[in-house]
Amino acid sequence: MSTTNPPPMLGEMRSHGAGTLRAADAGTEVRLAGWVARRRDHGGVIFLDLRDASGVVQVVCREGSVADAAHGLRDEFCVLVVGEVAARPPGNVNPDLPTGEVEVTASRVDVLSPAAALPFPVEGQAAETGEEARLRWRYLDLRRAGPAAALRTRATAVRALRRVMDDHGFVEVETPYLTRSTPEGARDFLVPVRLQPGHWYALPQSPQLFKQLLMVAGFERYYQIVRCFRDEDFRADRQPEFTQLDVELSFMGPEDVYRLGEALMARVWGDALGLEVATPFRRMTYAEAMTRYGSDKPDVRFGLELVDLSAFFAATGVGVFRAALDAGGHVGAVRMPGGAELTRKQLDGWIDWARGRGAKGLAYVAIDPDGSIGRSTVAKFFSDAEAAGFAEAAGAEPGDLVFIAAGPRTPTLELLGALRVVVARDRGLVPTGQEGPFEFLWVTDMPMFEPNDVGGWSAVHHPFTAPAPDWEEKFEQAPGEAVAQAYDLVCNGYEIASGSVRIHRADLQQRVFEVIGLGREEAESKFGFLLEAFRYGPPPHGGVAFGVDRICALLAGADSIREVIAFPKTSSGGDPLTGAPTPITAEQRAEAGIDARPAEPAPPPNLPGRETIPDERRS
Ligand code: ASP
């Protein structure tokens with residue numbers, strides 16, 4: 001290959017990528033540039049591992065001036081190497097390295113730029129460097145193969161998403177980041193407006209309202225790979241800004257979304273991991289997911305399904321079970337295979353775990369190797385029939401432990417659902433890593449409303465979500481049971497997409513607002529522009545948003561979405577690299593108008609005297 005006409009990707013300075021050299025290149029003169037990943041001084045000969053974006057190759061510096069130059073090199077110096085590719089002597093081949101059959105005999109080594117003393121060994125394992133340091137020097141962390149590969153996987157995934165959307169006739173449209181509050185139920189990040197002191201933008205929690213406006217505008221198929229901003233309490237794997245593939249379709253039904261989601265995931269998993277994803281995906285109603293798995297995002301890679309013991313204990317004298325059942329609640333169980341051998345201390349640990357989640361407690365029953373009931377917090381209160389039938393009712397084998405929870409139905413199922421996952425992890429039943437299996441599942445028929453902290457109802461998805469046809473006339477009568485035309489896509493216990501058919505009729509929208517306690521005026525002031533748009537022939541529409549960060553974390557085999565974000569925030573919301581967030585100066589504060597009071601309630605910009613929802617729309 002000629003060194004005068006390098007592939008354009010390499011840049012003018014180079015002839016080859018370090019990681020691309022193979023035995024067939026032996027004898028070729030190359031110009032390489034990259035970083036010193038390692039330097040080994042063997043007396044007269046110095047070996048360098050030269051790393052660039054394509055990989056690593058061994059460089060040998062033997063002769064006078066080259067060896068002298070190599071002496072001065074330190075880890076992570078940026079260097080240019082000119083030399084010839086040589087086959088390694090047979091005993092020196094490194095089968096673990098793609099370039100392991102060759103080395104480059106340097107005739108020239110130039111320092112392009114030196115590196116200061118490193119805060120951590122770049123070639124070391126990412127896991128051995130504390131996260132704070134990794135993020136503080138993220139540009140060094142990203143020189144590592146693993147972290148860099150995670151971002152490359154993300155790029156592959158995003159490209160695949162765009163291709164599928166394009167193939168399906170979706171139009172990519174950008175929507176504003178400086179806007180007003182959007183309805184996803186979190187707190188807004190607010191931005192002061194210097195030119196209108198006392199007035200604030202909100203960063204969008206999602207483009208929900210804009211994508212619905214685009215449906216009114218007749219686009220029919222919209223998508224956007226977009227940042228969303230939600231000011232929520234810090235939790236281990238939450239980022240205040242995150243990325244969605246946001247989608248909206250007109251004249252659609254849920255089946256359109258299911259098919260699209262399946263095409264997207266099949267392409268992404270194929271392109272990023274070379275894996276074939278079986279479609280169509282399984283489906284399960286929310287009600288079934290809660291009953292069997294105690295979760296609206298069940299991990300179905302392993303069994304350990306929850307056992308409903310309410311009927312078995314219908315006549316029980318066990319106090320806690322009796323109280324729960326008399327109050328219309330639930331008694332359920334999770335089996336821990338082989339758990340009968342747990343020590344007292346370990347068992348206490350599990351009870352503490354449940355208490356840590358706010359549960360009053362957790363009962364357990366061990367099944368001895370002979371099948372009889374062993375250690376237990378409750379079995380001494382069992383009737384003879386309960387003692388005789390328990391193992392079978394709980395689906396437990398000799399040597400198993402059965403955890404039992406009792407109380408109001410939903411929280412009890414949720415406790416058991418969470419317990420199921422930690423028990424499965426503890427028993428080594430949950431596969432890890434990139435190889436899969438990846439179990440996709442549509443969870444359908446999600447609830448419309450959930451009780452909120454102030455004794456009313458909140459929309460589970462968002463307030464523009466349509467009720468299921470059966471519930472359209474009566475959701476007010478039993479908001480807690482009403483079913484929405486809303487769906488989630490779940491993979492291995494993570495929600496990776498969520499969406500719904502939307503309401504496009506004013507009367508129905510008004511009734512939903514009433515259930516969630518949103519008065520006509522408040523609705524008008526919050527979403528008036530959308531309601532106004534809905535006066536002009538809105539098409540029936542619906543959509544979905546895919547969580548790009550989580551999808552990429554699954555592809556990368558990473559536990560945390562931070563691994564697939566170039567510059568993530570720590571779990572407490574800070575960025576150790578830039579130091580954001582920072583205090584502001586008094587001047588900035590004054591200039592931004594943070595303390596200014598608006599002269600009068602802000603009129604929506606450029607919308608002269610909009611009417612309230614007219615009566616004819618309420619029909
Ligand atoms: N806007 C919704 C969300 O961010 C998704 C949707 O309904 O399309 O969760």
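Predicted model: local features only at pLDDT ≥ 70, side-chain atom pairs only at ≥ 80, totals over all residues.
Before you start: residues are numbered from 1 along each chain as its sequence is written. Local features need pLDDT of at least 70, side-chain atom pairs count only at pLDDT 80 or more, totals for chains, interfaces and linings use all residues, and side-chain values use heavy atoms, with hydrogens and water left out.

**Exercise 1.** Describe the surroundings of the ligand.

*Solution.* Start with the shell: there are 14 residues around the ligand, and Glu184, Gln208, Lys211, His461 and Arg502 come nearest (near means a heavy atom within 4 Å).

The side chain of Glu184 places an N or O atom 2.6 Å from a nitrogen atom of the ligand. For Arg502, a side-chain N or O atom is 2.7 Å from a ligand oxygen atom. The protein covers 95% of the 270 Å² of accessible area that the ligand has on its own (Shrake-Rupley method, 1.4 Å probe).

Finally, find the elements involved. Strand 22 (541-547) is one of those that supply at least two residues of the shell, and its three residues are the largest share (strands are DSSP runs of E, at least two residues, numbered from the N terminus).

**Exercise 2.** Is Gln239 buried or exposed, and what does Gln239 touch?

*Solution.* First, locate Gln239 in the loop between strand 9 (221-229) and strand 10 (241-250).

Then check its accessibility: Gln239 counts as buried because its relative accessibility is 5% (buried is under 20%, exposed over 50%, partly exposed in between; 1.4 Å probe, protein chains only).

Now list partners. Leaving aside neighbours within four places in sequence, Gln239 is in contact with residues including Ile561, Pro568 and Lys569 (contact: heavy atoms within 4.5 Å). A polar side-chain atom of Gln239 lies 2.7 Å from the backbone oxygen of Lys569.

Note on methods
Polar contact = N/O pair within 3.5 Å; in protein donor to acceptor, adjacent residues only side chain to side chain. Helix = DSSP H or I, 4+ residues; strand = E, 2+ residues; numbered from the N terminus.
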